[in-house]
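Here is a short report on one protein chain. Look over the sequence and the model first, then read on.

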Amino acid sequence: VNVVDVPYMWVANAGDNTVSKHDSVNSVEMARYDVGDGCNPSRTAVNSTGAVWVNCREGSRTIHIAPNESQCIDRNGDGIIQTSNVTYDASGNKTVNQLNWQDDECVLFNGTPTVANDAPQDAKDNPMPTNCTIGLRGLAVRADNTAIMGGGQGGCRDGHMWQVKFDYNPELPYEHDVNPAIRVVDHWHLPSLEHTYRDGSACSFDYDGKAYGYAIDQSQHVWVSSLANHISWVDLDARRSCSFPTNTTYGIAVDYAGRIWFGNWAGGGAVGRIFEPVTKTMH
């Protein structure tokens, strides 16, 4: 087991167009980053270096923010990282020093990822849309630090899931949209995949577009919470998907034993539910 020490807690400040980085050991806010007008930050996911991906509640934008200056990019080459921070005086009073995201060299990306030249043809045929009213809802990070994103509701991304990769070579000069490059490297349309579960059994797949959260288990399979009456499972590498009936679910996480935890959306008399992938039962 590898333990990664990234002592930051990233908090999406809904309605404020910002995301805060907190020191989870000392319980202080370390920085507050601008994500741009029209981006109500909704979903966050952290990779193994502590960098965060943030999805906007509206549209199809995603933001990638580095956790410390060693991972930021000196875009103007002056040898100094210009970035947002929070300072405290001797009495503990806080001052938020916040830059616009365009000027913040720790905001590595803000926009809609385009398809990589070497991506599969299916990804080229299904680029991430830019005209969605409802924002990207599902967001999770794989072990290789690629981000999986998609979901939402309202027809714009129904059943679609994209894999997004951040590439940066510090040995080469900064060049906008070239180094670093943020690209879609794969795509899945869940209803079109093979519907066979990981135990080899056939399964059904009922999908009406209301995917709301992603989580990745120890096998690198994606689990999907939904405002509809099902949850979903996706084996990205084998390109398989299944759904299982339940009441509406919202928040989602995977525990050490591979059980899937769901926060409840509304009604039903339960705070949340736990799905057992082996027995395919919900508690």
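This is a predicted model: local features need pLDDT of at least 70, side-chain atom pairs count only at pLDDT 80 or more; totals for chains, interfaces and linings use all residues.

## Surface and charge

Charged side chains number 20 positive and 33 negative. The centres of the two sets lie 7 Å apart.

## Overall fold

The chain holds 1 helix and 22 strands. Its C-alpha trace spans about 60 × 45 × 40 Å along the principal axes. The radius of gyration is 19 Å, which agrees with the value near 19 Å for a compact globule of 283 residues.

Of the 283 residues, 47% count as buried. Take the contacts with a separation of 6 or more: residues 24 or more positions apart account for 49% of them.

V52, V54 and C56 point one way from strand 5. W53 and N55 point the other way.

Strand 4, residues 41-46, pairs with strand 5 in the antiparallel sense over 5 bridges. P41 stands opposite C56. The hairpin of these two strands has 5 residues between them, and G50 takes a positive phi near 95°. Strand 6, residues 62-65, also pairs with strand 5 in the antiparallel sense, over 4 bridges. Here N55 stands opposite T62. The hairpin of strand 5 and strand 6 has 5 residues between the strands, and G59 in the turn has a positive phi of about 70°.

An open sheet of 4 strands runs in the order 19-20-21-22, with antiparallel pairing. Strand 19 (249-254) and strand 22 (281-282) stand at the edges; each has a single partner strand, so one side of each lacks a neighbour in the sheet.

Strand 19 pairs with strand 20, residues 260-264, over 4 bridges in the antiparallel sense. I252 stands opposite F262 in strand 20.

## An exposed loop proline

Where does P170 lie? P170 sits in the loop between strand 13 (160-167) and strand 14 (181-189). Its relative accessibility is 57%, so P170 counts as exposed. P170 and S60 are 110 residues apart in sequence. In space, the two are 28 Å apart, C-alpha to C-alpha.

Key:
Residues are numbered from 1 along each chain as its sequence is written. Side-chain values use heavy atoms; hydrogens and water are left out. The radius of gyration is taken over C-alpha atoms; the globule rule is 2.2 Å times the number of residues to the power 0.38. Buried means under 20% relative accessible area, exposed over 50%, partly exposed in between (1.4 Å probe, protein chains only). Contact means heavy atoms within 4.5 Å. Lys and Arg count as positive and Asp and Glu as negative; His and the chain ends are not counted. The place of a charge is taken as NZ of Lys, CZ of Arg, CG of Asp or CD of Glu. Two strands pair if DSSP finds at least two bridges between them.
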